[in-house]
Amino acid sequence: MRASQFHLSTTRETPNDAEIVSHQLMLRAGLIRRLGSGLYTWMPLGLKVLRKIENIIREEMDRAGALEMLMPAVQPAELWEESGRWGKFGPELLRLTDRHNREYCVGPTHEEVITDIARRDLKSYKQLPLNFYQIQTKFRDEIRPRFGVMRSREFIMKDAYSFGIDAASLQESFDAMHIAYCAIFDRMGLDYRAVEADSGSIGGAQSREFHVLADSGEDAVVYATEGDYAANMEKAEAVCNDPRGEASLPMQTIDTPNVHTIDELAASLKVDATQCLKTLLVKGSDEKVPVVALLLRGDHQLNEVKAEHLPEVASPLTMADAELIRSTVQCDAGSIGPVGLNIPVIADANAACMSDFICGANTNAQHLTGVNWTRDLPEPIVRDIRNVIEGDANPKGNGILKIVRGIEVGHIFQLGDTYSKALDATVLDENGKPATLMMGCYGIGVTRVAAAAIEQNNDSAGIIWPLSIAPFEAVVCPVNMVKSDAVKEAAEKLYTELKDAGVDVLFDDRPLRPGAMFSDMELIGIPHRFVVSDKLLANNEIEYRGRSDSEASIIARDEVLAKII
């Protein structure tokens, strides 16, 4: 491709509304243009990146035995009502009505549609297993779109759906997709982690997220220093390997005026927050038990996703308000403690390991010191309800947990019969009896991958694309070509040679000074740059610079292909 025939639209100015690096560089490099809130046009340069990402995904999905299809973006409400999600999905679901007053939505995902296809087309276990996928535009009406295409309202996604006869078949499909996803992100040259995750609104049992590691990532990714354990913060398992100490102090009541928080309590008593117990009251799932107490060590934070999954706790998780707290324990929130509570008490493992601890006395402006389990109050129900912190023990072996930031680019789910049961999608098993299909769901955010790659690969000059997804693999930059026929002839010859070798190459034939030309190519992030000049031609040489190289080097003309192929 000749630059003079390609729409390159770069700018030196950083847009004021672009908050993160990928958003800034995608606008500056001319990959995208904003149309409206959370809506972006992909310009020719950006579309080349998307197509390369899509091609890698297609090749690996096809290699894994998945079949490509394309489903409608607009979906009838009736399907979502069958699954129960029409009323549950919330305002992110863009709903619309046609001229006949029939309700539809613009699909944020396609579980209902694919399940409807399966119940119509699949009749026998002999047709299984099957895995269908598509690469298609989705829409989620984000309340606050931000970070460019990282969290936009309209985006491109690869979503796949597997169907099997039983749990073993589902596991096989799930494992195959995990292998395919690793191959996809390996080929894209990304530093990523596959982590255990919560299934969220999609539903189902087991799920795993794929995160590109980047300081700007919205998600906390937890991994063990030894072994292969990894999970997102919502799912990371918190354990306590320290034995509980013996009781050595008597329980005493002390006055604590103007103390409302753990930090204030620790400061007032000149103790560490690890010696204090935090008691939170939440609404219970049973009308007979309207309130449940959740206990944490003072320096730990409640994991709301874990808490919401407790059978004793209402979903969605709802903290008790001041009125409910006072009617339950006759004090304000800052003075709650577990001693003498007549409601279910659920403690994190670390809280259950504490001895001689400090907690609220259930009387305003008073706390208890020297409190011990068994002696002063019954043993609690022990559940994992907290966020892990760096340095926690690895729940699956040796080593400790570390926390890094990640950008979620893929997610695979074991849906089981969540949707197939609701939509009555069955086949006849080997005994001729109806069997509910077991489903898996597997997504990759195509547009998000492009942004995540930039977040992970950039410098002060611009983007540093991994070779496999770069808009162009190489660029030929002639110096003063308009004044030198020799440079023009040599550059044209090099351009043709690279094209004939199968290299996706850009020939920058624009009448620009070398500095401006080089700056554009660094901003765009083309991996390989070859410079042709009269001085170099005199010695049959070419200047070469890899995008991440600190300096350019001079190579022989016949070494060019070896640098890139």
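Modeller: R95 lies over the face of W86, 4.7 Å from the ring centre. A charge counts as over a ring if NZ of Lys or CZ of Arg is within 6 Å of the ring centre and within 35 degrees of the ring normal. R529 lies over the face of F518, at 4.1 Å from the ring centre.

The model is predicted, so local features need pLDDT of at least 70 and side-chain atom pairs count only at pLDDT 80 or more, while totals for chains, interfaces and linings use all residues. Residues are numbered from 1 along each chain as its sequence is written, and side-chain values use heavy atoms, with hydrogens and water left out.

Next come the ring pairs. A search of the whole structure finds 11 aromatic pairs. One of them joins W80 and F89, edge-to-face, at 5.5 Å centre to centre and 80° between the planes. Rings of Phe, Tyr and Trp (its six-membered ring) pair if their centres lie within 6.5 Å; planes under 30 degrees apart are stacked, over 60 edge-to-face, and the rest tilted. W80 and F89 are both buried, where buried means under 20% relative accessible area, exposed over 50%, and partly exposed in between (1.4 Å probe, protein chains only). F185 and Y192 form a tilted pair, 5.7 Å centre to centre with 55° between the planes. F185 and Y192 are buried too, and together with Y181 and F210 they form one aromatic cluster.

Now the helix. Helix α6 covers residues 262-269, and its buried residues are I262, L265 and A266. Helices (H or I, at least four residues) and strands (E, at least two) are DSSP runs, numbered from the N terminus. Seen down the axis of α6, the buried residues fall within an arc of 95°, so they line one face of the helix; the arc is that of the directions from the helix axis to the C-beta atoms. D263 and A267, on the other side of α6, are exposed. The cover over the buried residues of α6 includes β14 (277-286), β17 and β18. Contact means heavy atoms within 4.5 Å.

L269 also belongs to α6 and, at 26% relative accessibility, counts as partly exposed. Leaving aside neighbours within four places in sequence, L269 is in contact with I254 and I358. After α6 comes K270, whose phi is positive, near 55°.

An open sheet of three strands runs in the order β13-β18-β17, with antiparallel pairing. Its edge strands, β13 (252-255) and β17 (357-360), each pair on one side only. From one strand to the next the twist averages 30°, with axes taken as lines fitted to C-alpha atoms (for helices over the stretch in contact) and angles running from 0 to 180 degrees between N-to-C directions. Two strands pair if DSSP finds at least two bridges between them. β13 and β18 (residues 366-371) pair over four bridges, and Q252 has T369 of β18 as its bridge partner.

Elsewhere, β29 (residues 541-546) and β30 (residues 553-556) pair in the antiparallel sense over four bridges. β29 and β30 form a hairpin with six residues between them, and E543 has I554 of β30 as its bridge partner.
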